[in-house]
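Here is a short report on one protein chain. Keep the sequence and the 3D view open while reading.

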Amino acid sequence: MITLSSNTLIGWFAALTMASCSLVAHAADPAPIRIGWVNWSDTEIAVKLANAALEDHLKQPVKLVLADIGIQFQAVANGNIDLIPMVWLPSTHKAFYDKYRDKLEDLGVLYEGRIGMAVPTSIPVSEIASIEDLNKPAVREKLGGKILTSEVGNGQYKLTEKAIQEYKLDGYKMVASSESGMLSELDRNLKRDKWSLINAWSPHWMFSKWPLRYLDDPKHVFGGAEQIHAVARKGFSAEHPDVARFFANFKIPQADLEKLMAAARDSSSDKVVAEYYAANKPRFAAMFGAQTAAATAGQP
């Protein structure tokens with residue numbers, strides 16, 4: 001028979017109490033919001049700003065999930081991630097959005113953009129003004145029949161495949177690598193006075209580093225102005241109304257976004273996001289709505 005002293009019992013009870021408190025605390029911790037993103041310069045800035053705001057104002061943990069855009073749409077439709085804040089509509093990601101639209105909900109527009117084929121401004125407009133001009137034999141020869149693009153299978157890649165068909169761009173092929181690979185080849189070609197044709201999008205720091213211009217698109221394959229939406233899994237707004245309200249109000253001025261992208265190249269995205277967020281805290285607080293902003297205003 002084992003006899004326990006009062007000191008031993010007190011120690012046990014204290015340990016049990018601490019363990020119980022720990023379990024309760026862990027049980028009360030909110031599950032992380034799983035935000036999908038693609039390694040694009042504008043998207044990286046946007047998701048990291050959202051991450052900072054959610055963790056600061058709502059004390060909401062966030063998990064960033066990196067994958068290709070097609071995988072992101074499938075994951076959000078299946079409930080494996082909660083939202084993706086880089087859906088380009090009405091044209092770029094239309095095929096993905098239409099495929100899964102019944103399992104998605106649109107939280108709002110974050111900023112505007114544009115996609116299309118672009119060339120350096122050093123190439124005369126008299127030589128290439130529109131996508132139709134790519135069929136000139138001399139132009140095709142100088143470009144080597146290459147369309148430089150980022151990863152295979154994204155929305156712009158698919159639209160470029162359509163453009164090749166619509167404009168009958170015989171003799172052209174897409175050379176896919178990554179955003180950095182595409183732009184590295186552009187840079188090498190410019191230094192060698194070689195012509196380049198790229199799949200471009202804005203906002204992007206490429207337009208501040210190199211003088212580029214979009215080609216006219218008379219058949220409107222690439223559409224006009226694009227809007228970048230935050231899209232969530234079905235039912236997300238009801239489960240996380242404060243987070244949904246934030247994304248409905250989350251706006252990034254294009255000039256600010258392009259400056260942040262350019263600055264991140266010289267330091268890091270984490271550094272520029274932290275500095276920008278700290279300098280604009282009141283504006284981010286307002287994105288949660290008056291009630292949430294007031295409730296969090298007094299928090300340290």
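## An exposed lysine in a loop

Lys168 is exposed, because its relative accessibility is 58%, over the 50% cut-off. The model is a predicted one. Lys168 sits in the loop that links H6 to S6. Its backbone deserves a look: phi is positive, about 50 degrees, although Lys168 is not a glycine.

The loop between strand S8 (212-214) and strand S9 (226-233) holds His220. With a relative accessibility of 59%, His220 counts as exposed.

## Overall make-up

The protein chain contains 14 helices and nine strands. It has 300 residues, and 47% of them count as buried. Take the contacts in the chain with a separation of 6 or more: 81% of them come from residues 24 or more positions apart.

## Parallel strands and crossovers

Strand S1 (residues 33-37) pairs with strand S2 (residues 62-66) in the parallel sense, over five bridges. Ile33 has Val62 in S2 as its bridge partner. Together, S1, H2 and S2 form a β-α-β unit, and the unit is right-handed.

Strands S5 (residues 146-149) and S6 (residues 173-176) also run parallel, joined by four bridges. Here Lys146 stands opposite Lys173 of S6. From S5 the chain passes through helix H6 (residues 155-166) on its way to S6, in a right-handed β-α-β crossover. Helix H6 includes Glu161. Glu161 is partly exposed, at a relative accessible area of 37%. Its C-alpha atom is 8.4 Å from that of Met174, which is 13 residues away along the chain.

## The nonpolar core

In soluble globular proteins, nonpolar side chains tend to be buried together. In this model, the largest nonpolar core has 90 residues. Leu49, Met117, Leu134, Phe246, Phe247 and Phe250 have the most contacts inside it. Strand S4 (residues 104-120) gives the most to this core: eight residues.

What is Leu49 in contact with, leaving aside its neighbours within four places in sequence? The partners are Phe250, Ile252, Leu260, Val273, Tyr276, Tyr277 and Phe284.

Which residues of helix H12 (residues 269-279) are buried? They are Ser269, Val272, Val273, Tyr276 and Tyr277. Viewed down the axis of H12, these buried residues fall within an arc of 130 degrees, so they line one face of the helix. An α-helix has 3.6 residues a turn, so residues three or four places apart point the same way.

On the other side of H12, the exposed residues are Asp270, Ala278 and Ala279. The buried residues of H12 pack against three helices: H2 (41-57), H11 (254-266) and H13 (281-286). Val273, Tyr276 and Tyr277 are among the contacts of Leu49.

## A buried serine

Ser196 belongs to the loop between helix H7 (179-191) and S7. Is Ser196 buried or exposed? Its relative accessibility is 2%, so Ser196 counts as buried; the cut-off for buried is under 20%.

The side chain of Ser196 makes a polar contact of 2.8 Å with the side chain of Asn189. Not counting residues up to four places away in sequence, Ser196 touches Ala118, Val119, Pro120, Ile123, Leu143, Leu148, Leu186 and Asn189.

## Cis peptide bonds

Two bonds call for a check of omega. Leu89 and Pro90 are joined by a cis peptide bond, with omega about 15 degrees. Pro90 lies in the loop between strand S3 (83-89) and helix H4 (94-100).

Ser202 and Pro203 are likewise joined by a cis peptide bond, and here omega is about 10 degrees. Pro203 is in the loop between strand S7 (198-202) and helix H8 (206-209).

How values were computed. Residues are numbered from 1 along each chain as its sequence is written. This is a predicted model: local features need pLDDT of at least 70, side-chain atom pairs count only at pLDDT 80 or more; totals for chains, interfaces and linings use all residues. Side-chain values use heavy atoms; hydrogens and water are left out. A nonpolar core is a set of buried Ala, Val, Leu, Ile, Met, Phe, Trp, Tyr and Cys residues joined through side-chain atoms within 4.5 Å. Buried means under 20% relative accessible area, exposed over 50%, partly exposed in between (1.4 Å probe, protein chains only). Helices (H or I, at least four residues) and strands (E, at least two) are DSSP runs, numbered from the N terminus. Contact means heavy atoms within 4.5 Å. The arc is that of the directions from the helix axis to the C-beta atoms. Two strands pair if DSSP finds at least two bridges between them. A crossover is right-handed if, with the strands pointing away from the viewer, the path from the first strand over the helix to the second runs clockwise. A polar contact is a pair of N or O atoms within 3.5 Å; within protein, one must be able to donate a hydrogen and the other to accept it, and residues adjacent in sequence count only if both atoms are side-chain atoms.
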